[in-house]
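The following note sets out several points for a colleague to check against the displayed model. Each point may be read on its own.

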Amino acid sequence: MENAIEVRGMTKRYDGQAVVNGLHLTVRRGTVFGLLGANSAGKSTSIEFMLGTRKAESGTVRLLGQDPGRNRRALMERIGVQFQEGDYQQEIRVEELCEETACLYRNHADWRALLRRFGLGEKERSAVRSLSGGQRQRLFIVLALIPQPELVFLDELTTGLDARARREIWQLLASLRDQGLTILLTSHFMDEVEALCDEICILRRGNAVFTGTVEEAKAHCGCTDFEDAYLMLSEDEKGENA
Amino acid sequence: MKRFLTLLKNEGKLSIRDMNMVIFALIMPLAVLVVLGILYGRRPAFEGAPYSFMAQSFGALCAISICAGGLMGLPLVVADYRERRILKRFRVTPASPALLLGVELTVYMLYCAASMLLLAAVAVPVWGVRPGGPLPAFLGAWALTMLSTLSIGLMVGALAKNSRQAGVIASVLYFPMLIFSGTTLPVEVMPAAMQRIVALFPLTQGITLMKQTFLGLETQGALTPVAVMVLVTAVCTGLAVRFFRWE
């Protein structure tokens, strides 16, 4: 079976400064892949290049074996996306946002069941802006899952969620992964990455400085704690968190 | 089709909840109608005129909602969705720009139609306003005026960098046209010099044509306004779809 994501030599510069520099990524189907790095290391930008919403200078991307620049609409039937700062119409209600998203896909999930699974069953008729930060975050994960995707992008997965909600989300995502879903996520929480990710890639100023498993990262740095290994890998020589 | 109708239902609900268009496209034209009705009643438009002042004003009143929707509502909602990154979210779905623009366009067309029906529902029984010419001719002029004005709004919304820029452009287009192209202030009461200047507004052409067709007057030289409006519609819609910005 082909890989879910293949990125080869993706490069983009702004004012001579590389935002993403020759990135290579392979995400196998049915795995969880963590794209890590400090703020402005190039994570969100890389995701936008992968989705084709921004154009890279060079390099190729294959999502589910297809070029996202072509056949965008057919490909997007099979992909779910949660952007870092998801936004919504001012006055929209939860059920309306779900319905509006679902109607775009030929083969969408039962969003009411998804809302219940994510603990939002009672919130169907609430205005989205009246939700708490954590509830809104969960809603945007639900929106990304409505297409019944084969591949889902989750940017800053559990930012704003409390400890219990995060655990619940991990369990839900792990069970979806076991059913064959491929997940690419970014996160600043290393416990989450350790619990969920089969493989990771750490970016530093647009360069991939490490690709492999969490265990390999720890071994590579000689650390017992993954967060120590992550900090060692993601920091600049000067010790600044770039 | 189901996509289109679901989006239309939701966007329509959101727009009504927002109230702006309800006020500017439905209530305001009705208020102007009532004020004119109280002032002029069933009096003829001028001494010996075969039609009343109210009948003469009907076409212009129908243009208020067209103006509000096309030059305020439509460009602002599209620009706002871009700024709030709602369009960015749609971009990673199977939706096309044409679907989104089509839905918003339809929302505002429905406002314009609702406004016209509302005006007729009051003007016909209360002040005895009747079309003096064939109704299809008037409806044709109305549709053309609406489409050409909405297409300007569509273009502004599709191309504006952000909602502030769209707001400025919308105001620059909306207020002069609303005041001077005969929507609220009848062109007939303006001094001759001013009439010549306002004739340059595209909306003035549409209103004049609506007025003539409604009253059943000679539509001499109707070809020019029709040609201008068709051209505006084609150019603006083409530019909007071609240069649509998601972000």
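Which residue in strand 2 of chain A is the bridge partner of V7(A)? Point 2 gives the reply.

1. Basis of the note. The model is predicted, so that local features need pLDDT of at least 70 and side-chain atom pairs count only at pLDDT 80 or more, whereas totals for chains, interfaces and linings use all residues. Residues are numbered from 1 along each chain as its sequence is written, while chains are lettered from A and ligands numbered from 1 in the order in which they are written.

2. Strand pairing in chain A. The bridge partner of V7(A) in strand 2 is L25(A). Strand 1 (residues 5-14) runs antiparallel to strand 2 (residues 17-27), with 7 bridges joining them; strands are DSSP runs of E of at least two residues, and helices are runs of H or I of at least four, numbered from the N terminus. Two strands pair if DSSP finds at least two bridges between them. Strands 1 and 2 of chain A form a hairpin with 2 residues between them, and D15(A) in the turn has a positive phi of about 50°. Strand 1 of chain A also pairs with strand 4 (residues 58-63) of chain A, antiparallel over 5 bridges, and there V7(A) stands opposite V61(A).

3. Contact between the chains. Chain A contributes 20 residues and chain B contributes 19 residues, a contact being two C-beta atoms, placed from the backbone, within 7 Å. On the side of chain A that touches chain B, helix 2 (72-76) and helix 3 (94-102) of chain A each supply at least two residues. Helix 3 of chain A gives the most, with 3 residues.

4. Nonpolar core. The largest such core has 149 residues, and V142(A) and C67(B) have the most contacts inside it. A core is a set of buried Ala, Val, Leu, Ile, Met, Phe, Trp, Tyr and Cys residues joined through C-beta atoms within 7 Å; buried denotes 20 or more other C-beta atoms within 10 Å, exposed 12 or fewer, and partly exposed in between, with C-beta atoms placed from the backbone. Helix 3 (residues 53-83) of chain B gives the most to this core, with 20 residues.

5. Helix 9 of chain B. In this helix (residues 202-215), 13 of the 14 residues are buried, so it is largely enclosed by the rest of the structure. G216(B), with a positive phi near 75°, follows helix 9 of chain B.

6. S40(A) is not a glycine, yet has a positive phi of about 65°. S40(A) is partly exposed, with 13 other C-beta atoms within 10 Å.
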